[in-house]
Amino acid sequence: MRPKFSVSLMCMDFLDIKNQIKILDSNMDGYHIDIMDGHYCKNITLSPDFMRACSRVAKKPMDVHLMTTNPNDWIDACAEAGAAMISPHAETMNTDCFRTLNHIAQVGCKLGVTLNPATPLSYCKHYLNRIDVLTLMTVDVGFAGQPFIEEMLDKIKEAKELREKNGWHYQIMIDGSCNQKTFGRLYEAGADVFVLGSSGLFSLDSDLETACQKTKDNFQKETGVKCL
């Protein structure tokens, strides 16, 4: 399976959304939608209404990252707005985890789960067999532009080993500081999907088409793997 790029739309130019979506559709694999409620983490970013507007233009799938205290409150709205996958934080659903996962499945979305850097994989070991994507945060939640947490490389390796040992099917998505400095180490550790934000995409060039090509060139240079 070739590596994939999911673009963090909270980092895009909000004054040029329609044009940027058209460019990204031709160059990337999907869109990463960060929904924060201001409680679980101290920021408020995107929303189902934003997703609904983007879906009028976007052809690639949207994966939703729920940084919310009560993920069940958001599942129906995100699905109705066009989500292909919904990933709550494991830390927010330990009281009704299986009810939450069933809820996501019932609305027709793929199952994801996200772990904060300090949360061990053992926290969600009882349902790793069910999920389609395991998102590992390599920065603390809430804000773009944070430095990469080096200790997460061992966690990625562990997630890959668990998948292979048990025959599980989840892809490993990395969220946080995916860029030229980290592509090689992340890919070697076992990452399958890379969430691209400011450092990995949008800051590379004022022309987004050029920035997309630079991202792909950087990835190939650091990993030896050609993408999309």
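1. By class, the lining of the largest pocket comprises 9 nonpolar, 4 polar and 6 charged residues. Here Ala, Val, Leu, Ile, Met, Phe, Trp, Tyr, Cys and Pro count as nonpolar, Asp, Glu, Lys and Arg as charged, and the others, Gly among them, as polar.

2. The model is predicted: local features need pLDDT of at least 70 and side-chain atom pairs count only at pLDDT 80 or more, while totals for chains, interfaces and linings use all residues. Residues are numbered from 1 along each chain as its sequence is written, and side-chain values use heavy atoms, with hydrogens and water left out.

3. The volume of the largest pocket is about 380 Å³. Among the 19 lining residues, Lys4, Pro61, Lys110, Val133 and Gln171 are the closest to its centre. A pocket is an open set of points on a 1 Å grid over the protein atoms alone, where a 1.4 Å probe fits, with protein on both sides within 12 Å along at least five of seven lines; lining residues have an atom within 4 Å of a point. The volume is the space filled by probe spheres set on the points, which are joined across faces, edges and corners.

4. Lys110 is found in strand β5 (residues 110-115); strands are DSSP runs (E, at least two residues), numbered from the N terminus. Lys110 is exposed, with a relative accessible area of 53%, where exposed means over 50% (1.4 Å probe, protein chains only).

5. Lys110 touches Ala84, Met85, Ile86, Ile104 and Asp132, not counting residues up to four places away in sequence; contact means heavy atoms within 4.5 Å. The C-alpha atoms of Lys110 and Leu15, 95 residues apart along the chain, are separated by 30 Å.

Methods. Helices (H or I, at least four residues) and strands (E, at least two) are DSSP runs, numbered from the N terminus. Buried means under 20% relative accessible area, exposed over 50%, partly exposed in between (1.4 Å probe, protein chains only).
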